[in-house]
Amino acid sequence: MLIKLIDVNKSFKDYKVLKNINLSINKGETLAIIGASGSGKSTLLKLMIGLERPSSGQVWIKNEDIAKLNEEELDKVRLNMGMVFQYSALFDSMTVADNVAFGLREHSSLTEAEIGHIVEEKLNTVGLKDFANYMPNELSGGMKKRVSLARAIAFEPEIILYDEPTSGLDPVMAGKIDKLIKYTQEKMHVTSVVVTHDMDSAYYIADRIAMIYEGEIIALEDAHAIKTSSDKRVQEFINGGRI
Ligand code: ADP
Ligand code: MG
């Protein structure tokens with residue numbers, strides 16, 4: 001078990017966003033999280049990397065309950081985790097290469113030559129080796145996502161969290177991102193949690209799929225088993241709804 005949430009609740013003021021979340025993710029597994037907009041998916045991901053703290057409950061990453069850690073301790077745990085944010089979150093004033101190098105410069109004692117080598121390798125992995133000196137605003141949405149992924153894998157993390165990595169992309173680019181996610185599983189043995197609205201993507205990349213409905217996990221099944229779920233809310237989402 002690499003990630004384990006126990007009785008997690010999260011409220012913003014009086015509003016309960018997540019209710020009694022219990023969830024375990026095994027080493028090497030890819031879990032997709034589906035659910036309507038506003039159901040609490042992004043908040044759940046943020047809890048897993050300590051960008052939000054639970055109002056109650058435990059958030060275990062390997063052998064630490066990160067809900068109890070201070071910022072400095074959290075930073076150490078985060079070195080083992082990458083996150084691909086929904087809006088890529090690149091620094092617009094830095095080149096692609098500097099964006100990928102940023103964390104390594106901040107949080108490692110590697111030399112510039114070593115960092116340069118890693119950046120080149122990771123950009124190559126995501127198919128952007130010729131774009132090292134571009135600025136983010138010169139790239140398409142899909143390319144930005146791939147830079148974001150290159151940055152996430154720079155530390156060779158054990159865990160990567162993705163918030164809607166294929167949303168807003170055309171099907172071909174979405175497919176490329178899915179293939180890269182698969183590559184990180186198969187070649188880098190990364191454990192992943194992927195929030196997505198895209199069921200084709202979920203079936204392709206995930207071992208299991210969890211559905212959140214109004215802050216609760218209402219289904220958690222093997223990826224293809226969820227197709228035959230008897231829960232009406234699940235059926236409505238997976239058949240009706242790209243949201
Ligand atoms: P999803 O990613 O499934 O669309 P979110 O986790 O972003 O959902 O948000 C779930 C609910 O929590 C929404 O109603 C949202 O407005 C609310 N929410 C999220 N973050 C905050 C915050 N920092 N402060 C107040 N409310 C928030
Ligand atoms: Mg979200």
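Analyst: Helices here are DSSP runs of H or I with at least four residues, strands are DSSP runs of E with at least two, and both are numbered from the N terminus. Residues are numbered from 1 along each chain as its sequence is written, while chains are lettered from A and ligands numbered from 1 in the order in which they are written. This is a predicted model, in which local features need pLDDT of at least 70 and side-chain atom pairs count only at pLDDT 80 or more, whereas totals for chains, interfaces and linings use all residues.

User: What share of residues 3-239 is strand?

Analyst: UniProt, in an unreviewed entry, places the feature "domain: ABC transporter" at residues 3-239; its positions follow the numbering used here, feature names are shortened, and annotations may be inferred rather than shown by experiment. The end C-alpha atoms of this span lie 29 Å apart. The span is 37% helix, and its strand share is 26%.

User: What mean pLDDT does the protein chain have?

Analyst: The model scores ipTM 0.98 and pTM 0.95. For single residues the predictor's confidence is given as pLDDT, on a scale from 0 to 100. In the protein chain 99% of the residues reach 70 or more, and the mean is 94.

User: What is the radius of gyration of the protein chain?

Analyst: The C-alpha atoms of the chain, which holds 8 helices and 10 strands, fill a box of roughly 55 × 40 × 30 Å along the principal axes. The radius of gyration is taken over C-alpha atoms, and the globule rule is 2.2 Å times the number of residues to the power 0.38. With 243 residues, a compact globule would therefore have a value near 18 Å, and the protein chain agrees, at 18 Å.

User: What percentage of contacts between residues at least 6 apart in sequence join residues at least 24 apart?

Analyst: Two residues are in contact if their C-beta atoms, placed from the backbone, lie within 7 Å. Among the protein chain's contacts between residues at least 6 apart in sequence, the share joining residues at least 24 apart is 64%.

User: Which helix gives the largest share of the shell around ligand 1?

Analyst: A residue is near a molecule if its C-beta atom, placed from the backbone, lies within 6 Å of it, and the residues around ligand 1 include Phe 12, Val 17, Gly 35, Lys 41 and Ser 42. They divide into 2 nonpolar, 7 polar and 1 charged, where Ala, Val, Leu, Ile, Met, Phe, Trp, Tyr, Cys and Pro count as nonpolar, Asp, Glu, Lys and Arg as charged, and the others, Gly among them, as polar. The largest share, 3 residues, comes from residues 41-48, which form helix 1.

User: Is Ser 42 buried, exposed or partly exposed?

Analyst: Ser 42 lies in helix 1 and, leaving out residues up to four places away in sequence, touches Asp 163 and Val 195. A residue is buried if 20 or more other C-beta atoms lie within 10 Å of its own, exposed if 12 or fewer, and partly exposed in between, with C-beta atoms placed from the backbone. Because 19 other C-beta atoms lie within 10 Å, Ser 42 is partly exposed.

User: Why does Val 96 count as buried?

Analyst: Val 96 is found in helix 3 (residues 96-107), and beyond its neighbours within four places in sequence its contacts include Leu 123, Phe 131 and Val 147. Val 96 counts as buried because the number of its C-beta neighbours inside 10 Å is 26.

User: What is phi of Glu 164, and how many C-beta neighbours explain its burial?

Analyst: Most residues other than glycine have a negative phi. Glu 164, in the loop between strand 7 (159-163) and helix 6 (171-188), has a positive phi of about 45° although it is not a glycine. It counts as buried because its C-beta neighbours inside 10 Å number 22.

User: Where does Asn 20 lie?

Analyst: Asn 20 also has a positive phi, near 50°. With 15 C-beta neighbours inside 10 Å, Asn 20 counts as partly exposed. Its place is in residues 15-25, which form strand 2.
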